[in-house]
Amino acid sequence: MVDFSLTNADERVLQLARQEAAIGHGHARYYDQHENELPPYIFPEVAGKPSPRDLARELEGETSGPAIIDVLLHLEESYADIRLRRTRTGLGQMIVNYAGSPEQVARWGRKELSIALTEPGAGSDPAAIRGTAARDPQTGDWILNGEKIYCSGFGGADGALVLVRGAAENGVRPFMAFVVEKGTAGLKMLGQVRKMGIRSWDTEDFVLQDCRVPDFNRIDADFKKTMIVFNGTRPMVAAHGLGVARALLDFTRETLAAHGVTVQYEPGAAQRSATQDRLLRLEALYDAALLSILRCKWLEERDGRTSGATKVEASMAKAIGGKATRRISQECLELLGPLALSEAFLAEKWFRDARIFDIFEGAGEINRLIVARWLLNYSAKELA
Amino acid sequence: MISFELSEEQRVAQATIGEFARSVLRPSAREADESTRIAGATLEAIWSTEIIQAQAFDGGAEVGRSPIMNALLLEELATADATLALAAAAPMAFVQAIADQGSRRQRDLLLPLFAGERFTAAAVVVMEPQFQFDVTALATSAERTGDGYLLRGHKSLVPLARDCSHFLVIARSGDVTDAFIVPSDSAGVSVGAAKGTLGLRGLAMADVTFDGVSVPAAMRLGEHNGCDVQRIIDAARTGIAAILTGVSRGVLEYAVPYLKERVVHGAPLARKQVIAFRLADMHIEVEAMRWMSWRAAAELENRRPATRSAQLAYTYAATQAMSIADEGVQAFGGHGFVRAHPIEMWYRNTRSLSVLEGIAGV
């Protein structure tokens, strides 16, 4: 049955998450200004306290489902700005757990592994990846070379799952994935990336220079398998963006309300001021994006995360979420006026943070390509 | 519990009405637009779906009035044609308001009129002939006189006005907004000639004036309890959001095969990213519009406050639908501007729909 209401258990979990938002906001500016300092995995204010995720697990049968509550919690965690509890889970490790052999899962399944895909010349188009893997015929080891950038979580991680290309077979150089642990000779870390926003978001670059790993480190995760993980993470990242957008929207609403400007839903557009009208439209855009994300997660709940069935919906959720996050952050700053430029408030920070969400984890254009190919029944060749 | 799952009944009804709309309504759409009237046979065909009659029964999704079901079906009807969807949605709004908020006596008196064999028109009458019209600033007034009311005002854009047996007139009454049931043959009621409109032309929307019409207290909706006019407005906004979802889906579905065939500079238009991305955006937005209207409908169905979600669904749909119709015309080029294709009609219909209030119902 069509239903948009949260269960009591959903409400309890989200309430707990919302109560913690003020703690995050208190730390947000510090880590914005100290980008080389990684935030702790757990902040003292919440150490030892039950987390919203613990509560969600405890109430699992009574929530709207694990995929839905998970995405809503991602939104709340992002709303709180700084992650008060960072889990030691990276995308790379999710792929190892999904595609690795039992021996590989035993070795790395609980290690924190980032995923290293992007290179200076290859972002949205992985076919442009130039990093290489060459087999050493004597030892059977692999020699990796390449430069990997914008690697999320790598500063704190134990290593990364690195995507490179092997030697040509029938003229095609296959994608290959290797676990590279920190401390491996030939892995040269380049430090935190200097970004416009999300500066507390651990992001590193590194170089592989004749980096030798044993064959055991090769994970049978081809590009297609890697992409299936994105079906789950794209709507999640869209929810992250919306969390930032809502932080700005709430701040804008509260600030304007203190100046006597509130949105009324009864009148039509003719009775609204320009400010009221814009606020109402931003609220609508926020809700439209949120519902698109929830629809995708509901499908995932129904059909399974790794079924691949939600590929198009995941792209749709990411595309509308990214668009909404951009527009809401830009318009809120304009509605707030010049005082919002001051670092005395978090608004300017959220504005900077928001812009990444239509770029990483599938840029808006990539998601539109995926939706359009499906809609038009075109192959990647027919619609490039 | 968050869920987007349709029931078996909802899916069957959706498919049945969708097929009816494609085979019966779509072929009649252009003729209704050109002649500014809907053929009697088409109205009877709409009546035969029983979507209007169902509003009289409080049976939920399976056998009667269900805002979620109505949102689904209005989208299906409007995917074929918005004018004909409104020919159903306008009387639906009237019947819903009576069934929902009428007194026992009012329901017994009026609902049987909508159980007959022939199409029966009636309308909720909200809009007035002023630029910048707004539902919260009505000029039409109902003045208390002894045991009744004296209704004075000028209403406009009433769908199928000449055919209506009854109007539900929304008017200011002292400090509140109220609704009054007025038979169209009451003394003082005059229905103007249809002057023609930009879009939705088949509805022959006309002005109706109420020149000191005396309305007995028994015909105030809900009698001494009065009614919740905002709920009628919320249902209408939700209905228009569902109809706009359908119109936009119609544009997209019509555009895809054409753009895959039309070759420009050596390749089909659809293989150019600028066109393909617009189509992707249309699809993404049609879906978002749908979830917004479903949410408002779900709140109406569960009798929760729906004003916010209805307003957001309506405003969002209005903006997105206009942009989709606009891009539709652009993608068709000259073919989008000529009346040989329905695209220009949908463009006019979209601009019309998205400024209307009170005209539909879920």
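User: A helix is a DSSP run of H or I with at least four residues, a strand is a DSSP run of E with at least two, and both are numbered from the N terminus. How far does helix 8 of chain B reach from its first C-alpha to its last?

Analyst: This is a predicted model, in which local features need pLDDT of at least 70 and side-chain atom pairs count only at pLDDT 80 or more, while totals for chains, interfaces and linings use all residues. Residues are numbered from 1 along each chain as its sequence is written, and chains are lettered from A and ligands numbered from 1 in the order in which they are written. The expected span of a helix is 1.5 Å times one less than its number of residues. For the 29 residues of helix 8 of chain B the expected value is 42 Å, and the reach in the model is close to this, at 41 Å.

User: How many residues of helix 8 of chain B are buried?

Analyst: A residue is buried if 20 or more other C-beta atoms, placed from the backbone, lie within 10 Å of its own, exposed if 12 or fewer do, and partly exposed in between. Helix 8 of chain B is largely enclosed by the rest of the structure, because of its 29 residues the number buried is 26.

User: Which element gives the most to the side of chain B that touches chain A?

Analyst: The two chains meet through 41 residues of chain B and 35 residues of chain A. Helix 7 (229-261), helix 8 and helix 9 (307-332) of chain B each give two or more residues to this side. By class the side divides into 22 nonpolar, ten polar and nine charged residues, where Ala, Val, Leu, Ile, Met, Phe, Trp, Tyr, Cys and Pro count as nonpolar, Asp, Glu, Lys and Arg as charged, and the others, Gly among them, as polar. The element that gives the most, with 14 residues, is helix 8 of chain B.

User: How many residues does the contact take from domain 3 of chain A?

Analyst: Domain bounds come from an automatic or database domain assignment, which in chain A gives domain 1 (8-79), domain 2 (91-221) and domain 3 (224-376). The C-alpha centres of domain 2 and domain 3 of chain A lie 31 Å apart. Where these two touch, the side of domain 2 of chain A has eight nonpolar, two polar and no charged residues. The contact takes ten residues from domain 2 of chain A, while the number from domain 3 of chain A is twelve.

User: In strand 4 of chain A, which residue is the bridge partner of A:Ser114?

Analyst: Strands pair if DSSP finds at least two bridges between them, and strand 1 (residues 113-116) and strand 4 (residues 159-165) of chain A do so in the parallel sense over four bridges. Both faces of strand 1 of chain A are covered, with A:Leu113 and A:Ile115 buried on one side and A:Ser114 and A:Ala116 buried on the other. Within strand 4 of chain A, the bridge partner of A:Ser114 is A:Ala160.

User: Is B:Leu160 buried or exposed?

Analyst: Most residues other than glycine have a negative phi. B:Leu160, which is not a glycine, has a positive phi of about 50°, and this residue is found in the loop between strand 3 (148-158) and strand 4 (164-173) of chain B. Because there are 23 C-beta neighbours inside 10 Å, B:Leu160 counts as buried.

User: Is A:Asn377 buried or exposed?

Analyst: A:Asn377 also is not a glycine and has a positive phi, of about 55°, and its place is in the segment after helix 11 (364-376) of chain A. Because 11 other C-beta atoms lie within 10 Å, A:Asn377 is exposed.

Key: Two residues are in contact if their C-beta atoms, placed from the backbone, lie within 7 Å.
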